[in-house]
Amino acid sequence: MKKDDLFEKESREKKASLVRRCVLALLMGLSVFLLLFGQKLKAKPQPQVQPPPAVEATQPPLQGRSAREAAYEKDISALEELLDRQTTEEAVRTQAGEQLVRMVENHQTELAIEEALLSAGFSPCLVVVQGDAITVTLDGAELSGTDGVTILSLCVAHSDVAVENIRIMTVEP
């Protein structure tokens, strides 16, 4: 080995050793800080999100899904007809196009939330998005608090709807 290579290797080892010592000192200092001041740094307990009380729905989710899909198809057809009609005023066509986009977005959100709920074991279920509110309908007499929180978190994760605007309903099979 050449003298320069040996010197370079020794230099790299010293730098690595220095870095390890600095990291160790930093970790030790941080642990002392946490031990001394950890009690003061404890955050206030976060309020628990309480799931909304389950409301009993009148229609089983699977029947509701058929009705929702039929209404969706009917509304889409009506809006597409307005858009295709050349005699329709431009302002009306613009509004119809915007409403069509919102309907498709809401429908995609409904399907995404339903898929997430089905994957989490909530079967069958129906999700309806209307404006800034979501209604979730599930089979079953009662939900546990954990179930309610899971449903709320899945709804929030797949939409821009606030927790207070999500309603969970149950239907006895």
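**Close-up views of a predicted model**

**View 1. Overall fold of the chain.** The chain has four helices and four strands, where helices (H or I, at least four residues) and strands (E, at least two) are DSSP runs numbered from the N terminus. Along the sequence, the elements follow the order α-β-α-α-β-β-α-β. This is a predicted model, in which local features need pLDDT of at least 70 and side-chain atom pairs count only at pLDDT 80 or more, while totals for chains, interfaces and linings use all residues. Residues are numbered from 1 along each chain as its sequence is written, and side-chain values use heavy atoms, with hydrogens and water left out.

**View 2. Packing of helix α3 with helix α4.** The axes of α3 (residues 90-119) and α4 (residues 145-157), which are lines fitted to C-alpha atoms over the stretch in contact, come within 9 Å and cross at roughly 145°, the angle running from 0 to 180 degrees between N-to-C directions. Ile113, Ala116 and Leu117 of α3 meet Ile151, Leu154 and Cys155 of α4, contact being defined as heavy atoms within 4.5 Å. By class, this contact comprises six nonpolar, no polar and no charged residues, with Ala, Leu, Ile and Cys among the types that count as nonpolar.

**View 3. Cys125 and Cys155.** The structure holds zero disulfides, a disulfide being a pair of cysteine sulfur atoms within 2.5 Å. The sulfur of Cys155 lies 9.2 Å from its closest cysteine sulfur, in Cys125, and is therefore too far for a bond. Cys125 is buried, with a relative accessible area of 0%, and Cys155 also counts as buried at 0% relative accessibility, where buried means under 20% relative accessible area (1.4 Å probe, protein chains only).

Conventions: Buried means under 20% relative accessible area, exposed over 50%, partly exposed in between (1.4 Å probe, protein chains only).
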